[in-house]
Amino acid sequence: MTRIGGPLPERSVWHLAAGLGRALRSIHGCGLVHRDLKPSNVMLTVNGPRVIDFGVARAADAGVLTRTGAMVGSPGYMSPEQILGAEITGPSDVFSLGLVLVFAATGRQAFGGPDSGVHAVMLRVTQDDPDLDGMPEPLARFVGRCLAKRPEDRIALPELVASAEAAGAEAGSGAWLPGGLMAELGRHAAALLDLEEPPPTRVDDPAAGRGGDVHALPTAHGARVTPSPPGPRRRSRHPRVPHRRRPSRRCRRRPPCRRCRRHG
């Protein structure tokens with residue numbers, strides 16, 4: 001996102017906050033906590049953002065992991081309670097949402113990037129204030145409420161969605177993303193449509209000594225495909241051994257029994 005058009009304008013960030021807030025409201029309504037909300041797990045579409053990748057989602061009433069040394073989430077987008085191994089509830093996702101908004105508005109992480117070191121970033125998340133330089137004042141105050149250290153001090157999702165929707169409406173109407181980014185989304189969609197027909201597969205013909213392009217699937221629709229005739233049946237290298245019948249046992253009774261007299 002930021003590599004294509006740089007940081008998003010304020011209006012786009014408000015729409016992003018409202019869309020992610022609605023997504024988290026639906027996720028929490030199902031009794032789940034996402035626990036790994038970050039830019040790479042947000043898909044931008046023409047109609048708004050979509051939250052993806054629920055690989056580490058967990059029930060809201062489930063306890064913390066008991067495995068020693070287990071860390072769930074991405075260090076630059078984890079809440080303080082995730083880092084400290086405390087109980088993870090819905091406000092943890094609100095903290096991660098605030099970090100995503102900082103990255104969208106400034107192009108950098110609020111507590112330092114990967115070059116700062118994982119342990120340094122996690123220490124700043126639990127103790128330092130976020131770096132909100134360069135953000136508009138109303139947006140910085142809004143994000144600051146998302147990034148409160150204590151979960152109970154963070155903004156609730158209903159208020160978050162209502163505030164973001166009102167601020168986005170005041171910023172104007174039209175597409176929620178800049179024109180250049182919308183055009184890039186259109187090019188990506190066109191490229192996906194071009195992938196519907198499989199490309200030809202190149203195979204080598206040992207008999208002819210050269211390769212050729214063939215299609216993995218038939219391209220004629222409705223045509224009847226004639227099966228190729230079966231090839232010659234290969235003979236086994238081992239000769240067949242005729243089945244040897246076991247010799248019949250003669251009856252030792254004298255005179256022979258009725259069954260032996262009947263079969264000879």
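This is a predicted model: local features need pLDDT of at least 70, side-chain atom pairs count only at pLDDT 80 or more; totals for chains, interfaces and linings use all residues.
Beyond its neighbours within four places in sequence, Ile83 is in contact with Met78, Met122, Val125 and Thr126.

Ala18 is part of helix H2 (residues 10-29) and counts as buried, at 4% relative accessibility. Leaving aside neighbours within four places in sequence, Ala18 is in contact with Val161, Ala164 and Glu165. The C-alpha atoms of Ala18 and Leu157 are 9.6 Å apart, although 139 residues separate the two in sequence.

Glu165 also forms a salt bridge with Arg22, in which the closest N and O atoms are 2.7 Å apart. Arg22 lies in helix H2 and Glu165 in helix H7 (residues 157-170), so the pair ties together parts that are 143 residues apart in sequence. Both partners are partly exposed: Arg22 has a relative accessibility of 35%, and Glu165 has a relative accessible area of 39%.

## Helix H4

Because 16 of its 17 residues are buried, H4 is largely enclosed by the rest of the structure. Gly107 follows the helix and has a positive phi, near 80 degrees.

## Salt bridges around helix H6

The count of salt bridges comes to 8. Glu137 and Arg141 form one with a closest N to O distance of 3.6 Å. These two residues are 4 apart in helix H6 (residues 137-146), and therefore about one helical turn separates them. Glu137 and Arg141 are each exposed.

Arg145 and Glu159 meet in another salt bridge, at 2.9 Å from N to O. This pair links distant parts of the chain, with Arg145 in helix H6 and Glu159 in helix H7, 14 residues apart. Glu159 is partly exposed at 35% relative accessibility, as is Arg145 at 38%. A network of salt bridges links Arg150, Glu152 and Asp153.

## Overall architecture

The protein contains 9 helices and 6 strands, and 33% of its 264 residues are buried. Among contacts with a separation of 6 or more, 61% involve residues 24 or more positions apart. The accessible surface comes to about 18200 Å², and carbon and sulfur atoms account for 53% of that area.

Note on methods: Residues are numbered from 1 along each chain as its sequence is written. Side-chain values use heavy atoms; hydrogens and water are left out. Buried means under 20% relative accessible area, exposed over 50%, partly exposed in between (1.4 Å probe, protein chains only). Contact means heavy atoms within 4.5 Å. Accessible areas come from the Shrake-Rupley method with a 1.4 Å probe; for residues, only the protein chains shown count as cover. A salt bridge is a side-chain nitrogen of Lys or Arg within 4 Å of a carboxyl oxygen of Asp or Glu.
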